[in-house]
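Start with the structure itself.

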Amino acid sequence: MEGEAVSGAQLIAQALKAQNIEYMFGIVGIPVTEIAIAAQAVGIKYVGMRNEQAACYAASAVGYLTGRPGVCLVVSGPGFLHTLGGMANATINCWPLIVIGGSSDRNQETMGAFQEFPQVEAGRLYSKLSVRPSSLEVIPAVIEKAVRTSMYGRPGSCYIDIPGDFVNLQVNKSSVKYMECCLPPPISMAEHSAVSKAASVIVLSKQPLLIIGKGAAYSHAENNIRKLVDLCGLPFLPTPMAKGVVPDNHPNCVAAARSTALQHADVIILLGARLNWILHFGLPPRYQQDVKVIHIDICAEELGNNVRPAATLLGDINAVTEQLLEEFKKRSWKYPSNSEWWRKLRGKIKNNEERSKA
């Protein structure tokens, strides 16, 4: 008996649905219109946009806010090229994103096909994975890998190139390699010795500063970080993307004395923040020459960037913060609120607030 046939467009839509993808943004046209129709048929919310770049930024924002990639669906050539800004932004800012681009039919390659462009190669520079399925049968496996890659470790964008002739081509369902939904990203924890070392460095600090980064917001670590701030009495500074992890009106927030806090801290705890331009690369004159940095990040390659760390804690920010909480509960240590450092910071905050008012 002949098995049931399924089209490439249906396979793509079903595979995205199987990976719990909820949102698709894009601009339809040749050859991807049928993919958008199939996506709507399986219950994915499709949002038609006026510009591919905007669609790609919207899909990236969904990825950052939900922790599961949004999809950006575009046509070949210029349609695809307009997504590169959004793809680069998602990868460099560590947000999960899937871009699906239609491309030339396989039998017209190198012939000057409609809007022909080397999309897989172009996408590689802007993404964690850039791939063109070799057959209809492997589409679900490729989509599972792209979704998984976009979320695991440091998140980023993934590009899937769909030859135009794949969209309406049909294949027997029984020959398709169907995939279950990928598992949630594994939660990794830091080594116990690293946690203990970090705590020791903090306990010996005279002028500690906690810097809360975007990774902390993405990890939903707000409850544990708030507990850590309250338990240890540490002054903290949010980066722009970590605003609200602990509210700015918390008494320990030193955002109003940012330069002073950075310049005079002797120990800095980096919670999912990178020592990039936003934090002046961690280098003098913005920091002490001998500042001790405790680097906490999900990405091993990030640890030790620009500054040699006093301790490195590799892992999920929420999980590692919990490890630090347990360690400090055992040590029952709290940074004194009447220290010279707090006096200096509070004085600077008051001074800056008065200047702002004036």
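Between domain 1 and domain 2 there is 1 salt bridge. The model is predicted. The domain assignment places domain 1 at 5–175 and domain 2 at 192–357.

**Where the domains meet**
- The contact involves 11 residues of domain 1 and 9 residues of domain 2.
- Together the two domains bury about 830 Å², with 51% of that area on carbon and sulfur atoms.
- Their C-alpha centres are 39 Å apart.
- Arg 154 and Glu 302 form a salt bridge through their side chains, at 2.7 Å from N to O.

**The largest pocket**
- The largest pocket holds about 930 Å³ of space.
- Its lining has 39 residues, and those closest to the centre are Pro 155, Lys 214, Gly 215, Tyr 218 and Ser 219.
- Domain 1 and domain 2 each give at least three residues to this lining.
- At least two lining residues come from each of helix H3 (52–66), helix H5 (84–93), helix H10 (214–218) and helix H13 (317–331).
- By class, the lining of the largest pocket has 20 nonpolar, 14 polar and 5 charged residues.

**The second largest pocket**
- The second largest pocket holds about 180 Å³ of space.
- Its lining includes Ser 103, Glu 109, Phe 117, Arg 132 and Asp 161.
- Helix H6 (residues 119–124) contributes the most to this lining, with 3 residues.
- The lining of the second largest pocket divides into 3 nonpolar, 4 polar and 5 charged residues.

Terms used:
Residues numbered from 1 in each chain as written. Predicted model: local features only at pLDDT ≥ 70, side-chain atom pairs only at ≥ 80, totals over all residues. Heavy atoms only, no water. 1 Å grid on protein atoms, 1.4 Å probe; cavity = no way out; pocket = protein on both sides within 12 Å on 5 of 7 lines; lining within 4 Å. Points joined across faces, edges and corners; volume = space filled by probe spheres on them. Helix = DSSP H or I, 4+ residues; strand = E, 2+ residues; numbered from the N terminus. Nonpolar A, V, L, I, M, F, W, Y, C, P; charged D, E, K, R; others polar. Domains from an automatic or database assignment. Contact = heavy atoms within 4.5 Å. Buried area = accessible area lost by both parts, 1.4 Å probe. Salt bridge = Lys/Arg side-chain N within 4 Å of Asp/Glu carboxyl O.
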